[in-house]
Amino acid sequence: MHVLLYSKALYSTWLYYSPDRLLFDAGEGASSVLGNKAFAVRRVFLSHGHADHIGGLVGLVNIRNNAMGDKEKELSIYYPKGNYLVTEMMAFLARTNRRLSYPLEWIPLDAGDRVELVGGQTPRYVKAFPTVHVHSEKSLGYNVVETRHRLRQELAGATQAEIVARVRANGKGAVTEHYDQKLFSYGGDSVALRPAYVADTEVLCHDTTFLDEEDRKEYKHATLAEAIQVAREARVKKELICFHISSRYKAKVREIERAGGHYEGLDCRVTLVPPGRIVLVD
Ligand SMILES: [Zn+2]
C-alpha cells in the first residue's frame, strides 16, 4: 500500500492511493503537492462537497490541461449523487474549461454502487458505502476491494491427491471459491463509521477531528477513541490512519506519537496524520 495524504480539518484534505491511481477527496493544494503525479490520477472519489474536500479540483482539472504531461489522459470524478455543492463545482468547471484536452467525466454514485478498476485473475473495484457528515448533504465512504481465490473451505482437510482428482474431474472451479478482500477504506468526514461497512479491511482511514471528546460540541466528525473503537470492531488488519485532525492538536499529535501508541485490543498500526503535514504511509 502506498498512500500520500494531506489533511488539516476545515482547511484541506486529499489522499492519493497509488496502487490504483485514485485520489480520495481533492482539497486545496492537491495538485501543487502532487506535481507530476497529478497526471497519474485516473479517478477521483469525493466523499462530500465541502470546500476543504473539493477546492483542489480547480487546480487539478486545470493542471492536467496545461502542465507538461500526458494532456490527453482521461479523468473521472465520482461523487455522491445529487450533492448540490459538487454539482455547482461541476458547472463552474464546465463553464471555465470549455476546451479541455482530455475527457473529463463526472459520475454520480449511490451507496452500494461499484466502480470496476481492473479485471483479470484478481479484479479490483471500488464500492461506495453510506456515511453521516451533515444532514443537509449526502456523503459517501469508499472501499477498494480485491476479489481473490482460495481453496474451498470444505476441502481444508483434503489431501493433495484428492484435490488433484477433483480438479481433473470437475475443473479448477470445483476446488476454489471467491472472496472479497477490502484493501483500503476511506470514510471522509463521517461520524464513527458502521464497522460492518469496513469489516476486515486492511487499511482504514477514519475521521479523527477531535483527539479529546470534550472538544466536540455537536455530533459531527469523530474522536480518536471512536476511530480506535471502529477499527477494533471492524478487525482492521494492517493500519488505522487517523486523519482530518484539527490544527489545535499539533502538539498533542507529537505527544501521542512519542508515547508509542498502543491501544488495547487493536492489532493494527495506528498513524496519526499531523494537521498541515504531507504524510506518506507505506
Ligand atoms: Zn472536512
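How many of the residues of strand β11 (residues 203–207) are buried?

Modeller: First, the ground rules. This is a predicted model, so local features need pLDDT of at least 70 and side-chain atom pairs count only at pLDDT 80 or more, while totals for chains, interfaces and linings use all residues. Residues are numbered from 1 along each chain as its sequence is written.

Now your strand. Strand β11 is mostly covered: five of its five residues are buried. Buried means that 20 or more other C-beta atoms, placed from the backbone, lie within 10 Å of the residue's own; 12 or fewer is exposed, and in between is partly exposed. Strands (E, at least two residues) and helices (H or I, at least four) are DSSP runs, numbered from the N terminus. V203, C205 and D207 are buried on one side. L204 and H206 are buried on the other.

Next, the neighbours. β11 pairs with two strands, β10 and β12; pairing requires at least two DSSP bridges between the strands. Strand β10 (residues 176–186) runs parallel to β11, joined by three bridges. In one of these pairs, L204 of β11 is the bridge partner of S185. Strand β12 (residues 239–243) is also parallel to β11, with five bridges. There, D207 stands opposite F243.

Now the helix. β11, helix α6 (residues 224–234) and β12 form a β-α-β unit, and the unit is right-handed. That is, with the strands pointing away from the viewer, the path from the first strand over the helix to the second runs clockwise.

Which part of α6 is covered? Its buried residues are L224, A227, I228, V230, A231 and A234. They sit on the same side of α6, because they cover an arc of only 160° around the axis. The arc is taken from the directions between the helix axis and the C-beta atoms. The buried residues of α6 pack against β11 and β12; contact means C-beta atoms, placed from the backbone, within 7 Å. After α6 comes R235, with a positive phi near 55°.

For comparison, turn to the other open sheet. Its order is β6-β5-β4-β3-β2-β1-β14, seven strands with mixed pairing. β6 and β14 (278–281) stand at the edges with a single partner strand each, so one side of each has no neighbour in the sheet. Neighbouring strands here are turned by 20° against each other on average, direction ignored.

β2 is the strand to look at in this sheet. Six of its six residues are buried. S12, W14 and Y16 lie on one face, T13, L15 and Y17 on the other. β2 (residues 12–17) pairs with β1 (residues 3–8) in the antiparallel sense over six bridges. Among the partners, S7 meets T13 and L5 meets L15. Three residues separate β1 and β2 in their hairpin, and L10 in the turn has a positive phi of about 75°. On to β3, which runs antiparallel to β2 over four bridges. Here W14 has A26 as its bridge partner. The β2–β3 hairpin has four residues between the strands, and R21 takes a positive phi near 55°.

Last, helix α3 (residues 57–66). Its buried residues are L57, L60, V61, I63 and R64. Their arc is only 165° around the axis, so they fall on the same side of α3. Their cover includes the strands β3 (22–26), β5 (75–80) and β6 (104–109), and the helices α1 (30–34), α2 (51–54) and α4 (84–96).

Conventions
Two residues are in contact if their C-beta atoms, placed from the backbone, lie within 7 Å. Axes are lines fitted to C-alpha atoms, for helices over the stretch in contact, and angles run from 0 to 180 degrees between N-to-C directions.
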